[in-house]
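Dear colleague,

Here is the structure I said I would pass on. My notes on it follow below.

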Amino acid sequence: MRLFASSGTPAHQREVRPTVPRVTLEERLCPRAAAREWAGEGDTGGGRTPHVTATARAVELARIAAEAAAEKLAADIIAYDVSEQLVITDVFLLCSAANDRQVRAIVDQIEEKMRLAGARPVRREGERERRWVLLDYVDIVVHVQHAEERVYYALERLWKDCPRIPLAEPVGVGGAGSTAPDPAQGGGLP
């Protein structure tokens with residue numbers, strides 16, 4: 001049995017350095033981009049450009065949240081891909097409500113649909129006031145604003161340079177799920 005290393009130092013006295021992966025400055029400043037690159041979604045794989053774009057999961061969650069908001073008659077539903085501007089999230093979803101009760105109804109519907117999709121918010125803000133509720137799902141941040149706050153803060157102006165994510169047209173009057181009578185089926189006035 002050999003107790004000494006080739007340097008003459010006993011094996012139990014040698015300094016053992018654990019192998020820890022090196023973290024680059026880019027990974028420290030932008031952990032989401034580094035994680036995407038490790039997953040093959042950066043410029044070395046997946047066919048994406050070095051500039052990060054929203055993940056497929058983030059876009060899917062944005063569409064689910066937008067449909068849920070539309071079910072509760074949210075207005076001006078817009079989704080922005082902010083992944084190139086922010087490291088904290090990929091998508092901002094904005095929508096407005098006419099009053100405090102509608103804000104709460106929209107938030108409840110979004111949370112329910114997102115839960116069914118396997119997503120849970122890591123943070124909620126503004127629920128008590130019900131004027132501007134923020135739901136943070138990490139990949140997507142949902143802003144449900146009272147109409148007055150939407151006009152005052154004008155988040156669209158702030159993110160206008162970011163690409164918009166196409167969303168399905170909301171259900172309107174006479175559309176599927178609408179309670180309005182359909183004149184084509186004899187539900188209108190004679």
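In this predicted model, Glu 60 counts as partly exposed because its relative accessibility is 40%. Its side chain meets that of Arg 57 in a salt bridge, 3.5 Å from N to O. Arg 57 is partly exposed as well, at 30%. Both residues belong to helix H3 and sit 3 residues apart, about one turn of the helix.

A search of the whole structure gives 11 salt bridges. Asp 100, Arg 131, Glu 148 and Glu 149 are linked in a network of them. Within it, the side chains of Arg 131 and Asp 100 meet at 3.4 Å, N to O. Arg 131 is in the loop between S3 and S4 and Asp 100 is in helix H4, so this pair ties together parts 31 residues apart in sequence. Arg 131 also forms a salt bridge with Glu 149, at 3.1 Å. Glu 149 lies in helix H5 (residues 147-153), so here the parts tied together are 18 residues apart. Glu 149 counts as buried, at 17% relative accessibility.

Helix H4 covers residues 100-116 and reaches 25 Å from first C-alpha to last, close to the expected 24 Å. Asn 99 caps its N-terminal end, with a side-chain oxygen 3.2 Å from the backbone nitrogen of Arg 101. Just after H4, Gly 118 has a positive phi of about 90°. The buried residues of H4 include Val 103, Ile 106, Ile 110 and Met 114; among the elements covering the buried residues are helix H3 and strand S2.

S2 pairs with S1 in the antiparallel sense over 5 bridges. In S1, 5 of the 7 residues are buried, so the strand is largely enclosed by the rest of the structure.

Regards

Technical notes:
Residues numbered from 1 in each chain as written. Predicted model: local features only at pLDDT ≥ 70, side-chain atom pairs only at ≥ 80, totals over all residues. Heavy atoms only, no water. Helix = DSSP H or I, 4+ residues; strand = E, 2+ residues; numbered from the N terminus. Expected span 1.5 Å × (residues − 1). Buried < 20%, exposed > 50% of the residue type's maximum accessible area, 1.4 Å probe, protein only. Contact = heavy atoms within 4.5 Å. Polar contact = N/O pair within 3.5 Å; in protein donor to acceptor, adjacent residues only side chain to side chain. Pairing = 2+ DSSP bridges. Salt bridge = Lys/Arg side-chain N within 4 Å of Asp/Glu carboxyl O.
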